[in-house]
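My notes follow in the order I took them.

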Amino acid sequence: MSGVLYLKNHLPVILLNLLGALALALFLLAAGNTVETVLFILSAWALVLALYLTICYVSRKKRLDNLLEMAGQLKERYLIPEVMPLPDRAEEQVFYQLLKMAEKSMLERLGEMERERGEYRSYIEQWIHEVKTPITALKLLCENNQSRFSRDVLAELENINRYTEQALYYARSEHTEKDYSIREMNLADVVHGAIADHKYLLRQCGMSITVDDLEPVVYGDDKWVRFILGQIISNAVKYRAQQQPALHIFTERTGDRVLLSIADNGIGIPESDLPRIFEKGFTGQNGRIVHSSTGIGLYLCKRLCDKLGIGLTASSPDRGTTMTISFHINDFITGVQS
């Protein structure tokens, strides 16, 4: 609270005291009191007034600063009426009641929005599960009637399936704790499963894949990790090299982590774009080249990795892009098993 503003707010009180002091001085002089006596009384009056204003300013400033500090520590600042004490002044109690009314209205609105979001998320999940049935049926029809045309259709069906999976995982990404299970998983099985999910797309673009001997066991959720790998693989296809596109998947141990790297020889990521590739909706310079870029895939991967406690980083050397997923080594479980 500013001292100047405080004085401005108390200007009527100060002016009233000045008028009272002037009237008293005139009365005392008219009653025959000396000038020294009048000045002494006026000085005492001014001192008491200044002391009163100072004490009020210090006490109110301290109380208001405490309120600001409490509000700053709250994650949901609209809950400030729940922690602030009931004011003593009548006019402040009116503002306190207004804050309580605003808080109640906000909580009701938040509850309504949460219900609407929950209903919409449930609808999206139900719709995706329903649409997967005709996608699977089309895949079976194409696989049972192999031709150049059916292979092209299968590649596009993989794209459609990837986008539906992306929508499903995006809808679930706010509540991953309800749908994940961290346990021992075979990393090679997860990697090969993600490759199999995109086999027709990879075959269509002629991408060669090299998978080194992978770390046999890591701890994570195989379903979520497989989805993340699928997004990275589809990005490698989307931003592939025009001649002899290639993908190299390998692991290495560094300290208490297992690093799974997916390296391609595609167009790479400009250095200026690297710090922002995990931002929602960011497509960067490559988005001007590949117009199907949405800026959602890597954002969703990063969001899921953060929820699962998995690291995700990107690097782009002279050519291509390397995405690295890092898994913590569970020393306790590993020690018991060994």
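**Entry 1: strand β7**

I started with strand β7, residues 322-328. Six of its seven residues are buried, so the rest of the structure largely encloses this strand. I note here that the model is a predicted one.

Which strands pair with β7? I found β5, residues 257-264, running antiparallel to β7 over seven bridges. Within that pairing, Ile262 stands opposite Met323 of β7. I also found β6, residues 311-315, pairing with β7 in the antiparallel sense over five bridges. There, Ser315 has Thr322 in β7 as its bridge partner.

**Entry 2: aromatic rings**

How many aromatic pairs does a search of the whole structure find? I got four. I looked at one of them, Tyr169 with Trp224. The ring centres are 5.0 Å apart and the planes stand at 90°, so I logged the pair as edge-to-face. Tyr169 belongs to helix α6 (residues 148-172) and Trp224 to helix α9 (residues 222-238), so this pair ties together parts that are 55 residues apart in sequence.

Are these two residues buried or exposed? Both Tyr169 and Trp224 are buried.

Next I looked for charges over rings. Arg162 lies over the face of Tyr163, 4.5 Å from the ring centre. Arg303 lies over the face of Tyr170, at 5.9 Å from the ring centre.

**Entry 3: salt bridges**

The structure holds eight salt bridges. I wrote up some of them.

Arg148 pairs with Asp152, and their closest N and O atoms are 4.0 Å apart. The cut-off for a salt bridge is within 4 Å. Both residues are in helix α6, four residues apart, so about one helical turn separates them. Arg148 is exposed, at 62% relative accessible area. Asp152 is partly exposed, at 30%.

Arg226 and Asp197 also meet in a salt bridge, at 2.9 Å from N to O. This pair links distant parts of the chain. I checked the exposure of each partner. Arg226 has a relative accessible area of 33%, which means partly exposed. Asp197, at 34%, is partly exposed too.

The bridge between Glu279 and Arg276 has its closest N and O atoms 3.1 Å apart. Glu279 is partly exposed, with a relative accessible area of 35%. Arg276 counts as partly exposed at 40%.

**Entry 4: a nonpolar surface patch**

Which residues form a nonpolar patch on the surface? I listed Val94, Phe95, Leu98 and Met101. Together they have about 430 Å² of accessible area. I placed Val94 in helix α5, residues 90-144.

**Entry 5: single residues**

I looked up Gln244 for its backbone. Its phi is positive, about 50°, although Gln244 is not a glycine. Where is Gln244 placed? I found Gln244 in the loop between α9 and β4 (246-254). Gln244 is exposed, with 69% relative accessible area.

I also checked Gln204, which is found in helix α8, residues 199-205. Its relative accessibility is 40%, so I noted Gln204 as partly exposed. I took one distance from there. The C-alpha atoms of Gln204 and Ser293 are separated by 19 Å, and the two residues are 89 apart along the chain.

**Entry 6: recap**

Strand β7 is largely enclosed by the rest of the structure. Helices α6 and α9 are tied together by the Tyr169 and Trp224 pair.

Methods: Residues numbered from 1 in each chain as written. Predicted model: local features only at pLDDT ≥ 70, side-chain atom pairs only at ≥ 80, totals over all residues. Heavy atoms only, no water. Patch = residues over 30% accessible without salt bridge, like charges linked within 9 Å, V, L, I, M, F, W, Y side chains within 5 Å. Areas by Shrake-Rupley, 256 points an atom, 1.4 Å probe, with all protein chains shown as cover. Salt bridge = Lys/Arg side-chain N within 4 Å of Asp/Glu carboxyl O. Helix = DSSP H or I, 4+ residues; strand = E, 2+ residues; numbered from the N terminus. Phe/Tyr/Trp six-rings, centres within 6.5 Å; stacked < 30°, edge-to-face > 60°. Buried < 20%, exposed > 50% of the residue type's maximum accessible area, 1.4 Å probe, protein only. Lys NZ or Arg CZ within 6 Å of the ring centre and 35° of its normal. Pairing = 2+ DSSP bridges.
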